[in-house]
Amino acid sequence: MYRLTRIESLAAAALLALAFDSCAPVRINSYVVRGLDFQQYRTYAWGPSDAFSTGDPRLDNNRIVSERIAKSVDQQLASRGFEKRESGVADVLIHMHVRLDQRIESDAIDREYARCEVSDCRPYVYDAGTLLLDFIDTRTNQLAWRGWAEGGFDGVIDNQDWMEARIDDAVAKILARLPRDTSRNR
Amino acid sequence: MARRLLCAAGITLAVFGLTACATMRVSSYVERGLDFSQYRTFDWGPADALPVGDPRLDQDRFFQDQVEGAIEKQMAARGFERSAASDVPDLRMHYHASINRRVEVREEDHSGNCRDDDACPARVIEYEAGTLVVDIVDARTNRLVWRGWAQDSVDGVLGNRDRLRRKIDEGVTRMFVGLPRAR
């Protein structure tokens, strides 16, 4: 009985390890300017698209991807009581940045989940992506809030359905950290 | 036992990573909800919009001819026609080739003290990856409606015309599988 449980837990760990390879966990971070009353912002507009390279030719100037991100952000913000402005002055301008880099993990997974012997541990390489959203106060032209998601993208970019699902998931998790009390907007 | 099983999982991961890098990665994105049957004709974008992006491929007429020929063949196979020079096409084509340094994990050869997989050390090696991106833009709205790409190692390919031609053909043929047909 003990043995079965042990094997089950091993299987779970192996699945987890596999999940790490193709879709490393998304890490979410954000920061807000201290003392800022975020409730003052009600309207937003999209800032000009950024001219920086994403670090990957598949994503550079890829409007299909940037429009998907914008659509996902629009949906999330609408559900949080923000109003999008196509023209005129909005309270905040939103900028998005996408970055993709290859990263090398020496043996982090093996060490964490398998405690492998040194000679057994293998390094591995994966594509890591960062999606960053900036909220700029249009009155002061200062950054009011920044949120970003980092995670593994191996195999995800080469599949449009997976990429879109990953974008929606990352955007929802980033914007869930907005310092906003939606009950006050109803 | 537990250790060995989990180490095996770790090695499987490494092997997955290896195959993913060693083979050509091909894919395409299409604008969702777009009716592709509204398009029939295409032409190449303005010449200045076609930077090759790497000095070894710049001004390389052989490379350009192979890429453009392969793309035109795939477009024709899907029912698109090259528009007459005097006509405005429905679609404009652009392509961009770039070469970046990437890394992958490779196992050392099974030799010497390394008898089985467990004992063979793995190395992180750097290689040059070439990426060919093909963009199709709606000529009327100037919106990107489709992007296809192929990425593979170009080690030993750039200086070998035969291998370069075969890589281009394979990459273009596979990426265009995802392009909807013309009306």
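**Note on a predicted two-chain model**

1. Start with a helix on a sheet.

2. Now step back to chain A as a whole. Chain A has four helices and six strands. Read from the N terminus, the elements run α-β-β-α-β-β-α-β-β-α. Of its 186 residues, 30% count as buried. Look also at how far along the chain the contacts reach. Among contacts in chain A with a separation of 6 or more, 77% come from residues 24 or more positions apart.

3. Next, the sheet. Six strands form an open sheet in the order β1-β6-β5-β4-β2-β3 (chain A), and the pairing is mixed. Which strands stand at the edges? They are β1 (27–32) and β3 (83–84) of chain A. Each has a single partner strand, so one side of each is left without a neighbour in the sheet. Helix α2 of chain A, residues 63–79, also packs on the sheet. That helix touches β2, β3, β4 (92–105) and β5 (124–137) of chain A, and its direction makes about 125° with that of β4(A).

4. Strands of a sheet pair through backbone hydrogen bonds, and they do so either parallel or antiparallel. Both kinds can be followed in chain A. Strand β2 (residues 43–46) pairs with β3(A) in the parallel sense, over two bridges. Here Y44(A) has K84(A) in β3(A) as its bridge partner. Strand β2(A) also pairs with β4(A), again in the parallel sense, this time over three bridges. W46(A) stands opposite I94(A) of β4(A).

5. The antiparallel case is β4(A) with β5(A). How many bridges join β4(A) to β5(A)? There are 14, and the two strands run antiparallel. For one pair to find on screen, take M96(A): its bridge partner in β5(A) is L133(A).

6. Two packed helices are described by the angle between their axes and the distance between the axes. For α2(A) and α4(A), the angle is about 40° and the axes are 9 Å apart. The two helices are therefore oblique to each other. Their crossing is right-handed. On the α2(A) side, the contact is made by R68(A), I69(A), S72(A), V73(A), Q76(A) and L77(A). On the α4(A) side, the residues are E164(A), I167(A), D168(A), V171(A), A172(A) and L175(A). By type, the contact divides into seven nonpolar, two polar and three charged residues.

7. W145(A) is found in strand β6. Is W145(A) buried or exposed? W145(A) counts as buried because 23 C-beta neighbours lie inside 10 Å, and the cut-off for buried is 20 or more. Leaving aside neighbours within four places in sequence, W145(A) is in contact with S30(A), V32(A), F38(A), F135(A) and L178(A). Take F135(A) from that list: W145(A) and F135(A) are 10 residues apart in sequence, and their C-alpha atoms are 5.1 Å apart in space.

8. Turn to chain B. Chain B has three helices and six strands. From the N terminus on, the elements run α-β-β-α-β-β-β-β-α. Buried residues make up 32% of the 183 residues. Among contacts in chain B between residues at least 6 apart in sequence, 74% join residues at least 24 apart.

9. Chain B has a helix pair to examine too. Helix α2 of chain B (residues 61–77) and α3(B) have axes that come within 9 Å and cross at roughly 30°. Angles under 35 degrees count as roughly parallel, and α2(B) and α3(B) are therefore roughly parallel to each other. The crossing is right-handed. Residues of α2(B) in this contact include F62(B), F63(B) and V67(B), while those of α3(B) include L164(B), I168(B) and V172(B). The residues of the contact divide into eight nonpolar, three polar and three charged.

10. Finish at a loop. N160(B) sits in the loop between β6 (144–153) and α3 (161–175) of chain B. N160(B) is exposed, with 11 other C-beta atoms within 10 Å. N160(B) and D35(B) are 125 residues apart along the chain, and 40 Å separates their C-alpha atoms.

Conventions:
Residues numbered from 1 in each chain as written. Chains lettered and ligands numbered in written order. Predicted model: local features only at pLDDT ≥ 70, side-chain atom pairs only at ≥ 80, totals over all residues. Buried ≥ 20, exposed ≤ 12 C-beta atoms within 10 Å, placed from the backbone. Contact = placed C-beta atoms within 7 Å. Pairing = 2+ DSSP bridges. Axes fitted to C-alpha atoms, helices over the stretch in contact; angles between N-to-C directions. Parallel < 35°, antiparallel > 145°, perpendicular 65-115°, else oblique. Left-handed = near helix turned anticlockwise from the far one by under 90°. Nonpolar A, V, L, I, M, F, W, Y, C, P; charged D, E, K, R; others polar.
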